[in-house]
Amino acid sequence: MSSSSTFIILTFARISAALVALLVLTWALTFKTSFTPHSPFSQQKFIYNVLHPLLMVIGFIIISGEAILVHRWMPGSRNVKKTVHLGMQGVALSCGVFGIWTKFYGNNGIVANFYSLHSWMGLFCVFLFTIQWIMGFLSFWHRGEARRARMTILPWHVFVGLYTYGLAVVTAETGLLEKLTFIQTTRNVSRHGSESVLVNGLGLGLALLSGAVILGAISPRPQQYVTSSAKLRYSNDKY
Ligand code: HEM
């Protein structure tokens, strides 16, 4: 992939991320009644209700997507890139754990709330993300290990990382659908009204963002492309 294609993919990913952040913030700040608990009203519960989508979408999905792309845009040594990648994934994971905690805390108890597909997928996704982060953290401190061992682990790291990122986006989509269905049926929110359009737009924005992040992650880097073409030419010359 040429450097101009990489630039286009990264720009598209950033524009989608900005759009998604803007939409989720507008939803949380403009349509406050959708996050207001039924009686009795509690300011604390309202804050937790608003914080959950904000932390999950901006903190967990957007930051982890940007962390995935670090190796595509960041100049500097491999070690600097790995440190920034690990640090950003750590911030995303903290937001994810805190985001789930807001629901546990706001909904009186852990087990009582696990009735939905969204909650099951959410827990599975954050569990996988935690394992992946711990493995990444441990391998970061074992840099001296044989290069071959690290090369064997790398494809698994890439697969589990992208799978978990995809799961996070799908989980957020189920969360949006669940919340929208709830407010449309219990709070007289119109199916064609501005709030419904905004939430649908947010879901579409997440779909576009994840496409750009995954494409950016799997496309070969410009120098990688040159190296593999050179290798191919060399082997053709040889035989
Ligand atoms: C990666 C993104 C997300 C993850 C991992 C996630 C995870 C979770 C988990 C584990 C729960 C269950 C907690 C409990 O009930 O005690 C939950 C509940 C909930 N989430 Fe999310 N969530 C995400 C995004 C969203 C988004 C974008 C919304 C949109 C508003 C949302 C709305 C809700 C709602 C309404 C509940 C309470 C009802 C239920 O348990 O299904 N979530 N979430």
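**Ground rules**

Residue numbers start from 1 in each chain and follow the sequence as written. Because the model is predicted, local features are given where pLDDT is at least 70 and side-chain atom pairs count only at pLDDT 80 or more, while totals for chains, interfaces and linings use all residues.

**The overall picture**

Helices here are DSSP runs (H or I, at least four residues), strands are runs of E with at least two, and both are numbered from the N terminus. Along the sequence, the pattern reads α-α-α-α-α-α-α.

Of the 239 residues in the protein chain, 25% count as buried. A buried residue has 20 or more other C-beta atoms within 10 Å of its own, an exposed one has 12 or fewer, and a partly exposed one falls in between, with C-beta atoms placed from the backbone. Two residues are in contact if those backbone-placed C-beta atoms lie within 7 Å. Among contacts in the protein chain with a separation of 6 or more, 80% join residues 24 or more positions apart.

**The core**

A nonpolar core is a set of buried Ala, Val, Leu, Ile, Met, Phe, Trp, Tyr and Cys residues joined through C-beta atoms within 7 Å. The largest one has 38 residues, and Val-20, Phe-60, Ile-61, Ala-172 and Leu-202 touch the most other members. Two or more residues come from each of helix H1 (3-30), helix H2 (43-73), helix H3 (78-106), helix H4 (117-140), helix H5 (147-186) and H6. H2 gives the most to this core, with twelve residues.

Ile-61 shows how such a residue is surrounded. Apart from neighbours within four places in sequence, Ile-61 is in contact with Met-56, Ala-168, Val-169, Ala-172 and Leu-206.

**Helix H6 and its partners**

Helix H6 covers residues 194-218, which is 25 residues, and its first and last C-alpha atoms are 36 Å apart, close to the expected 36 Å. That expected span is 1.5 Å times one less than the number of residues in the helix. The buried residues of H6 are Val-199, Leu-202, Gly-205, Leu-206, Leu-209, Ser-210, Ala-212, Val-213 and Gly-216.

Axes are lines fitted to C-alpha atoms, for helices over the stretch in contact, and angles run from 0 to 180 degrees between N-to-C directions.

| Helix pair | Axes come within | Crossing angle |
|---|---|---|
| H1 and H6 | 8 Å | roughly 155 degrees |
| H2 and H6 | 9 Å | roughly 25 degrees |
| H1 and H2 | 10 Å | roughly 170 degrees |

Angles under 35 degrees count as roughly parallel, over 145 as roughly antiparallel, 65 to 115 as roughly perpendicular and the rest as oblique. H1 is therefore roughly antiparallel to H6, H2 is roughly parallel to H6, and H1 is roughly antiparallel to H2.

The crossing of H1 and H6 is left-handed, and the crossing of H2 and H6 is left-handed too. A crossing is left-handed if the near helix is turned anticlockwise from the far one by less than a right angle, and right-handed if clockwise.

Where H2 meets H6, Ile-61, Gly-65, Ile-68, Leu-69 and Arg-72 in H2 face Leu-206, Leu-209, Val-213, Gly-216 and Ala-217 in H6 through contacts. Between H1 and H6, the residues that meet include Ile-9, Val-20 and Trp-27 in H1 and Leu-198, Leu-202 and Gly-216 in H6.

**A closer look at single residues**

Ile-58 is found in helix H2 and counts as partly exposed because it has 19 C-beta neighbours inside 10 Å. Beyond neighbours within four places in sequence, Ile-58 is in contact with Ala-21 and Val-24. Ile-58 and Val-24 are 34 residues apart along the chain, yet their C-alpha atoms are separated by 8.2 Å.

Gly-122, Cys-125, Val-126 and Phe-129 are buried in H4. Ser-139, also in H4, is partly exposed because it has 17 C-beta neighbours inside 10 Å. Not counting residues up to four places away in sequence, Ser-139 touches Arg-150 and Ile-153.

Asn-188 is found in the loop between H5 and H6. With 8 C-beta neighbours inside 10 Å, Asn-188 counts as exposed. Its phi is near 55 degrees, a positive value in a residue other than glycine. Most residues other than glycine have a negative phi.
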